[in-house]
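Please have the model open as you read.

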Amino acid sequence: MKTKYILIGLAVIALASCEKDFFSTNSPSAMDKSVFKSADLTEQAVAAIYNTFGEDKSFRNRLCAGYVAINTDIEHSSKSEEKNWANYTTSSGTGDVSTANGKDPWAYLNSAIERANVVVDGIRQYSDTTNESFRYLLGEALTLRAFCYLEMIKLWGDVPACFHAFDGSDMDALYTKKTDRNVIYEQLRADLKQAIELLPWSESCPGNKANYTGRPSKALAYGLLARMDLMYAGKAMRPDVFTEGGTSACSVQYNVKDATKRQELYQEVAWACAQVINKEDYKLNPSFEDIWRDLCADNTTYAKSEFIWALPFLNGARGQVLSLSGLKISTNVPGHLINTVYNGDDTNTKVQAMIEVVPTFFFKYDKKDLRRDITICPFQWEYDKADGVSSDPSCFPGSSTTEKKLYTKLADASTLHLGKFRAEWMVRTYASNEDCIDMPVLRYADILLMFAEAAICNEFDNEVAAPAELYGLDAQEQFDKIRRRAGLDSKTLSKQAIMDERAFEFCGENIRKYDLMRWGVLKESLENTMNDLADLQEGTGKYVGRSDSVYFTYREDNSYAQDGHAYVFDNFVGLNIGDKRPAEFDKAQGWVAKSFYTKTDDNTGDVTKYLAPESYFLYKKDTDIDMHQYWPIFDVNIAASNGTLWNDYLY
């Protein structure tokens, strides 16, 4: 059963208001020591951290997908012309993520951190930390605080470091200066190591936290430590010299200049991942498809899930993970998907699908890779209103112009949809855009691949040596577990193999951009991908032999419809290099041929090339891609900072 933490609002910890009497002893504030003498009240204080995740412009619909971690060499945003959402060129406080009323990602992440600070300080000062419930809640608050700080660093680079609750005694303490991110990394290392000591493995967590993917366990603390250490040891766009007030002297460089320290961090990654592998190797789901079916079906039993932590959203409340990143459902589909509510109109169900897959990525997959057709869908769900216009009834076996039907409609090359989140895999109703699917944060496959990467860190960084200790594990074997699950043979573990495998495994999970950043190859990867897209459009280079058209037939499958008829692709030819026009096309009824890379206007004869460089963008022209790796700190936040915040990177 889902827990309630996304929705709970607490008077006891109403930190966001910072009202004058909040810390008065006459009000039941979270810093009243009596709160932290009660495990139940302390749990409510922790729930208030989760509450910020469900707010509008927070993880509910901005930090979950669509607006973050794009563009990359495998994912892009469909939001607007020239993909400005990937370049973060607007900080004026008018955009979807920077609205000028304080309700924005920066504000909510800082609010979550302050609420975590209150819990951490309160438990340490007033609670009985020999009690397993208090120990768990302290470990949870430390882990949630670390998670929020890592999100902030990924989005903004250097951010304020504030690891103690504001107690009202010094009003200047309300304003914390932007801080070199390495200071924060070091604090998070200490915090997560303490969380590792405090948190049990999932099956031993107290009460309803046990065996549940929505609450942290020891494995999450280990996993976040490994993820952070790889960021810390890697590269980033950062000021050459950290300068208060800002500087234009910025470059991609190692976060840590000392190679010995970087080697220590890689060793720590290997250690942290090994602890999880040696304890929880059962968590690798043998079916890649079932990972996503289980997530969409709200299966949150830890022992049966590949997820180490998925941020929980409550059924019927908030969360747009699927809506923003799922398989597209056109706005005119009424209610004929199996998990939608039909209200008698044609505008009921919507999946916006802001994240799309870069088309060249489809061709990088091995044809035998079982992940490809789960991850990438060259279609969307469409609805035929039976008006004799919407679709050709001859395509659908036994259909007529008077039959309303749901069907998979072929996309064009520029709009390949992500298929890990699908409304048809849900087991409850889904209406409007609040799907309430849990947000993936860390799954076991990442543990395996982080371990393999740490084992060959010397290939990523020639100033360090491979770890001295691998804790009884073979790195090649951990890497091959992912390959075998995908239906593929072993591949020699190498830097390129890791970089490729992480793309194939984690497309659409808000990971790729930050991998490319820490490897120092974001700019190079985007530029190379744009060149590849031009070749794909023209059928040149490595794409010689691609088909101009896609050929397909439909079959009826009414398992997708609440009532009426549904049709899905049956035969499908034309996307793989070397595919030819099928011989059956001219002999059998029901075949359809659609141009995939171009569109010709029937009236003017003008040809639109979907992937032409002048119309398909992964980054804004005439800008330094590296300088725009991060969001700007929004004007509304800088204006309210009393001079403690500023932007670098030429913003």
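Which residue in S11 does Ile376 stand opposite? Ile376 faces Leu418 there. Before going further, note that this is a predicted model, in which local features need pLDDT of at least 70, side-chain atom pairs count only at pLDDT 80 or more, and totals for chains, interfaces and linings use all residues. Residues are numbered from 1 along each chain as its sequence is written, and side-chain values use heavy atoms, with hydrogens and water left out.

**Strands and sheets**

The chain contains 17 helices and 17 strands; these are DSSP runs numbered from the N terminus, with H or I over at least four residues for helices and E over at least two for strands. Four strands make up an open sheet in the order S1-S7-S11-S8, and their pairing is antiparallel. At its edges are strand S1 (75-77) and strand S8 (376-377), each of which pairs on one side only. Strands count as paired if DSSP finds at least two bridges between them.

Elsewhere, strand S12 (residues 439-443) is mostly covered, with five of its five residues buried. Buried here means under 20% relative accessible area, exposed means over 50%, and partly exposed lies in between (1.4 Å probe, protein chains only). In the pairing of S12 with S6, Leu311 stands opposite Met439 of S12.

The two pairings can be set side by side:

| Pair | Sense | Bridges |
|---|---|---|
| S8 and S11 (residues 416-418) | antiparallel | two |
| S6 (residues 307-311) and S12 | antiparallel | four |

**Packing and cysteines**

Of the 651 residues in the chain, 61% are buried. Contacts (heavy atoms within 4.5 Å) between residues at least 6 apart in sequence join residues at least 24 apart in 73% of cases. The structure has zero disulfides, a disulfide being a pair of cysteine sulfur atoms within 2.5 Å. Cys64 counts as buried because its relative accessibility is 3%, and Cys296 is also buried, at 0%.

**The surface**

Met171, Leu174 and Tyr175 form a nonpolar surface patch with about 280 Å² of accessible area together. Patch residues have over 30% relative accessible area and no salt bridge, and nonpolar side chains are joined within 5 Å, like charges within 9 Å. A salt bridge puts a side-chain nitrogen of Lys or Arg within 4 Å of a carboxyl oxygen of Asp or Glu. Tyr175 sits in the loop between strand S2 (159-160) and strand S3 (178-179), and its 35% relative accessibility makes Tyr175 partly exposed.

Definitions and conventions: Areas by Shrake-Rupley, 256 points an atom, 1.4 Å probe, with all protein chains shown as cover.
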